[in-house]
Amino acid sequence: MKIIILGAGQVGSSVAANLVSEANDITVVDQDADLLRDLQDRFDLRTVQGHGAHPDVLVRAGAEDADMIIAVTNSDETNMVACQVAYTLFHTPTKIARVRAQSFLDQPKLFGSEALPIDVAISPEALVTDYILRLIENPGTLQVLDFASGRIRLVAVRAFHGGPLVGQELRALHEHMPHVKARVAAIYRQDHAIQPEGDTRIEVDDEVFFVAAPAHIRTVMGELRRLDPSYKRLIIAGGGNIGMRLAKALEPNYRVKLIERNLKRCKQIAEDLERTIVLHGDAADQELLLEENIENTDVFCAVTNDDEANIISAMLAKRLGARKVMALINRPSYVDLVQSGAIDIAISPQQATIGSLLKHVRRGDVVMVHSLRRGAAEAIEAIAHGDPTSSKVVGRRISELKLPKGTIIGALVRGDDVLIAHGETLIDSEDHVILFLQDKRRIQEVERLFQVGVTFL
């Protein structure tokens, strides 16, 4: 596809890095020449310096025959106007805009061909908030990702001593829980992927990805580790868009405290929140944390816009006794550095956001994409269409499919039913198929499987 990305900041550069590796024709537009030069040094793409909403700049970027425009500058207004210009002057088929301000997102009538012709409005802050909420609602998980409108989830956990399945073969999972719908989709041992087979043994410290219905997640987790009790007390560091959203979502069911160092922002937050205790101070202040009983805190979540502040405050909270600490980290190199160290979960906004963009780039009918393992792996939800004469998957058993190496079908969603996949499972037309790819570079082979042709026989 020919794709124009407006904005070479953290989101734009992350999107460019993901898309350029899939043989797309990428052009990045930004006003900062240094950012563009850095991108061009790292990736095989074009750059254009200029204002992304100006028609002459879009012409230079190739908007006249572009398939998609992804407007992810720091300005909501620029992103929205750019989509309007692309639609009016160039009839660009797909227009995606990053929109951060909640007041815009609260007005769905704004986005549509009759008003602002934006096909998809993406809010990274909302996506990151949802990502963190699922981690808090499922204690002990490393990732919790929704498919088929939440009817089935992909969950990542670390195997610990004491888990009934640890040290045993995977086939024992069904013997232990014959009535539970679940399947192990992938195992990572010391950062190396292991294809899960019936005789594969789970070892301590393995990172295990499994698919299960939400009601069965804790049962499966109990096979891999001692279950964590539900969280009750939370401290959020940072009162920006994410911290505010998080507190508002959590305060009905949890005891929430929020620390913000800007006094004016503190007062504003305190007016908007009902039950959250808002504290003015520095989240890396040891005395403040001790005063607020950090040793009795279940989750400390640092979500300021400063990576270093998030890392330091989370490490301090952990040392002072917080049960679980999470830190929002933008720089990918920092994520690798701190993950599985003193910080329990490093949250990457780019990883949380990229999937919602990728699903619009995928060929075939792909309705959900989640980027995993810092972009190396991917989980997708694809809809099977056609019949046995026009489709390579419809009417066939999973064991008959020529899946790329490292690709596993974890589950099918058929209407309201969730079917855990096994070799004899037959794929019907309109089934939602949940796949895990250990190597994202195989995605084009998977796309070809789900494309409908005139005839394959």
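Biologist: How far apart do the C-alpha centres of domain 3 and domain 4 lie?
Modeller: In this predicted model, the domain assignment gives domain 3 as residues 233–350 and domain 4 as residues 352–450. The contact takes five residues from domain 3 and four residues from domain 4. Between the C-alpha centres of domain 3 and domain 4 the separation is 36 Å.

Biologist: Which residues does the UniProt annotation "domain: RCK N-terminal" cover?
Modeller: The domain assignment begins with domain 1 at 2–122. Residues 1–122 are 39% helix and 22% strand, with the end C-alpha atoms 20 Å apart. According to the UniProt record, an unreviewed entry, the annotation covers residues 1–122 and 231–347.

Biologist: With which residues is Met326 in contact, leaving aside its neighbours within four places in sequence?
Modeller: Beyond its sequence neighbours, the contacts of Met326 are Ile132, Leu135, Ile136, Val299, Phe300, Cys301, Ala302, Ala314, Ile345 and Ile347.

Biologist: How many residues apart in sequence are the parts that Arg100 and Glu125 tie together?
Modeller: Arg100 forms a salt bridge with Glu125, and the closest N and O atoms are 2.6 Å apart. Arg100 lies in the loop between strand E5 and helix H5, and Glu125 in helix H6, so the pair ties together parts whose separation in sequence is 25 residues.

Biologist: Are Arg100 and Glu125 buried or partly exposed?
Modeller: The relative accessibility of Arg100 is 29%, so Arg100 counts as partly exposed. For Glu125 the relative accessible area is 6%, and the cut-off for buried is under 20%. Glu125 is therefore buried.

Biologist: Where do the two partners of the salt bridge between Asp206 and Arg189 lie?
Modeller: The side chains of Asp206 and Arg189 meet at 2.7 Å, N to O. The pair ties together parts that are 17 residues apart in sequence, because Asp206 lies in the loop between strand E10 and strand E11, and Arg189 in strand E9.

Biologist: Is Asp206 buried or exposed?
Modeller: A residue counts as buried under 20% relative accessible area. Asp206 has 1% relative accessibility, so Asp206 is buried.

Biologist: How many residues apart in sequence are the parts joined by Lys324 and Asp228?
Modeller: The side chains of Lys324 and Asp228 form a salt bridge at 3.8 Å, N to O. Lys324 lies in strand E16 and Asp228 in the loop between helix H8 and strand E12, so the bridge ties together parts separated in sequence by 96 residues. Lys324 is buried, at 13%, and Asp228 is buried with a relative accessible area of 11%.

Biologist: How many salt bridges does a search of the whole structure find?
Modeller: Some salt bridges are linked in a network, which includes Arg134, Asp146 and Arg153. The search of the whole structure gives a total of 24.

Biologist: With which side chain does the side chain of Asn310 make a polar contact?
Modeller: Asn310 lies in helix H12 and is buried, at 0% relative accessibility. Leaving aside neighbours within four places in sequence, Asn310 is in contact with Ala302, Val303, Thr304, Ala327 and Leu328. At 2.7 Å, the polar contact of the Asn310 side chain is with the side chain of Thr304.

Biologist: What is the phi of Gln190, and what is that of Asn293?
Modeller: Most residues other than glycine have a negative phi. Gln190, in the loop between E9 and E10, is exposed at 73% relative accessibility, and its phi is positive, near 55°. Asn293, in the loop between helix H11 and strand E15, is partly exposed at 37%. Asn293 is not a glycine, yet its phi is positive, at about 55°.

Definitions and conventions: Residues are numbered from 1 along each chain as its sequence is written. This is a predicted model: local features need pLDDT of at least 70, side-chain atom pairs count only at pLDDT 80 or more; totals for chains, interfaces and linings use all residues. Side-chain values use heavy atoms; hydrogens and water are left out. Contact means heavy atoms within 4.5 Å. UniProt positions are given in the numbering used here, feature names are shortened, and annotations may be inferred rather than shown by experiment. Helices (H or I, at least four residues) and strands (E, at least two) are DSSP runs, numbered from the N terminus. A salt bridge is a side-chain nitrogen of Lys or Arg within 4 Å of a carboxyl oxygen of Asp or Glu. Buried means under 20% relative accessible area, exposed over 50%, partly exposed in between (1.4 Å probe, protein chains only). A polar contact is a pair of N or O atoms within 3.5 Å; within protein, one must be able to donate a hydrogen and the other to accept it, and residues adjacent in sequence count only if both atoms are side-chain atoms. Domain bounds come from an automatic or database domain assignment.
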